[in-house]
Amino acid sequence: MNWLKSIGEAFYNAWVPEKRYLAYLSGLRMTLLISLFAVILGILIGILIAVTRVSSRHTKSPVVKFLNKLAVLYVTVIRGTPMIVQILIIYNLIFTSPNTNPVIVGAVCCGINSGAYVAEIIRAGIESIPIGQMEAGRSLGMPYRMTMTTIILPQAIRNILPALGNEFISLIKETSVISIIAVNDLTKMAGYVGSRTWDVIPPYVIAALFYLAMTLGLSKILSMVEHRMEKGTRK
């Protein structure tokens with residue numbers, strides 16, 4: 001039983017003395033804010049990139065063709081390099097001021113990374129919609145942009161919601177790597193507590209439990225949304 005008592009004391013020291021639980025809550029708040037803004041940025045980038053790539057197949061505009069090449073390059077580079085390397089490059093290339101808001105730094109770094117994956121998910125969703133849907137909209141006199149935003153994208157989003165949900169769950173976990181650029185997220189604060197207690201295992205276990213709670217909660221919410229959308233489709 002001594003080992004059980006020692007484990008209990010270790011977790012107590014990692015949580016209670018010096019109000020160390022406030023460090024976790026502060027890091028949790030930072031992680032949630034960064035994740036929220038990164039998701040928004042990733043969706044915006046993903047939609048823009050996906051629509052550009054799909055549109056390039058239906059137009060001869062040299063501008064769209066050029067933008068498509070940039071989009072392909074962006075997706076290839078982001079998906080082909082480690083996120084931690086991207087964060088270090090973006091941070092040292094753009095955010096050189098010491099007064100930069102850490103939420104902005106983390107959101108931009110994670111959002112740029114997520115955008116490439118979201119773009120491929122959305123592109124696959126758009127291409128899963130029968131071409132007749134686009135032709136039907138155009139035959140009614142709707143311009144390409146209106147047909148895409150009012151007919152194609154809503155159906156595509158419904159089809160790709162599970163994949164998007166998995167990407168967002170992954171993004172929440174991947175925000176942990178931004179601690180390398182001194183952003184005080186949940187992982188960083190767990191490391192701080194570990195440096196105070198000289199025992200890093202309990203703080204990181206506590207951080208892992210926070211991440212687990214967030215991902216399980218998001219999974220539950222997404223499952224409820226999918227269920228409601230399926231019921232609406234049946235009706």
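What is the handedness of the crossing of α2 and α5? The crossing is right-handed. The legends below describe close-up views of a predicted model.

**View A. Helix α2 packs against helix α5.** The axes of α2 and α5 lie 5 Å apart. The angle between them is about 40°. That angle makes α2 oblique to α5. By class, the contact of α2 with α5 has 23 nonpolar residues. Six polar and four charged residues complete the count.

**View B. Helix α2 meets helix α8.** Helix α2 covers residues 21-55, and helix α8 covers residues 186-197. Their axes come within 7 Å. They cross at roughly 160°. The two helices are therefore roughly antiparallel to each other. α2 passes α8 in a right-handed crossing. On the α2 side, the contact is made by Ala-23, Tyr-24, Gly-27, Leu-28 and Thr-31. Facing them in α8 are Leu-186, Met-189, Ala-190, Tyr-192 and Val-193. By class, this contact of α2 with α8 has eight nonpolar and two polar residues. It has no charged residues.

An α-helix has 3.6 residues a turn, so residues three or four places apart point the same way.

**View C. Helix α3 crosses helix α5.** Helix α3 spans residues 62-80, and helix α5 spans residues 102-127. The axes come within 9 Å and cross at roughly 115°. The crossing of α3 and α5 is left-handed. From α3, the contact residues are Tyr-74, Val-75, Ile-78 and Arg-79. They meet Ile-112, Asn-113, Gly-115, Ala-116, Tyr-117 and Glu-120 in α5. By class, the contact of α3 with α5 has six nonpolar residues. Two polar and two charged residues also take part.

**View D. Helix α7 bends at Ile-160**. Helix α7 runs through residues 144-174. Its end C-alpha atoms span only 36 Å. A straight helix of 31 residues would span 45 Å at 1.5 Å a residue. The bend at Ile-160 is about 60°.

Methods:
Residues are numbered from 1 along each chain as its sequence is written. This is a predicted model: local features need pLDDT of at least 70, side-chain atom pairs count only at pLDDT 80 or more; totals for chains, interfaces and linings use all residues. Side-chain values use heavy atoms; hydrogens and water are left out. Axes are lines fitted to C-alpha atoms, for helices over the stretch in contact, and angles run from 0 to 180 degrees between N-to-C directions. Helices (H or I, at least four residues) and strands (E, at least two) are DSSP runs, numbered from the N terminus. Angles under 35 degrees count as roughly parallel, over 145 as roughly antiparallel, 65 to 115 as roughly perpendicular and the rest as oblique. A crossing is left-handed if the near helix is turned anticlockwise from the far one by less than a right angle, and right-handed if clockwise. Contact means heavy atoms within 4.5 Å. Ala, Val, Leu, Ile, Met, Phe, Trp, Tyr, Cys and Pro count as nonpolar, Asp, Glu, Lys and Arg as charged, and the others, Gly among them, as polar. The expected span of a helix is 1.5 Å times one less than its number of residues. The bend at a residue is the angle between axes fitted to the seven residues ending there and the seven starting there.
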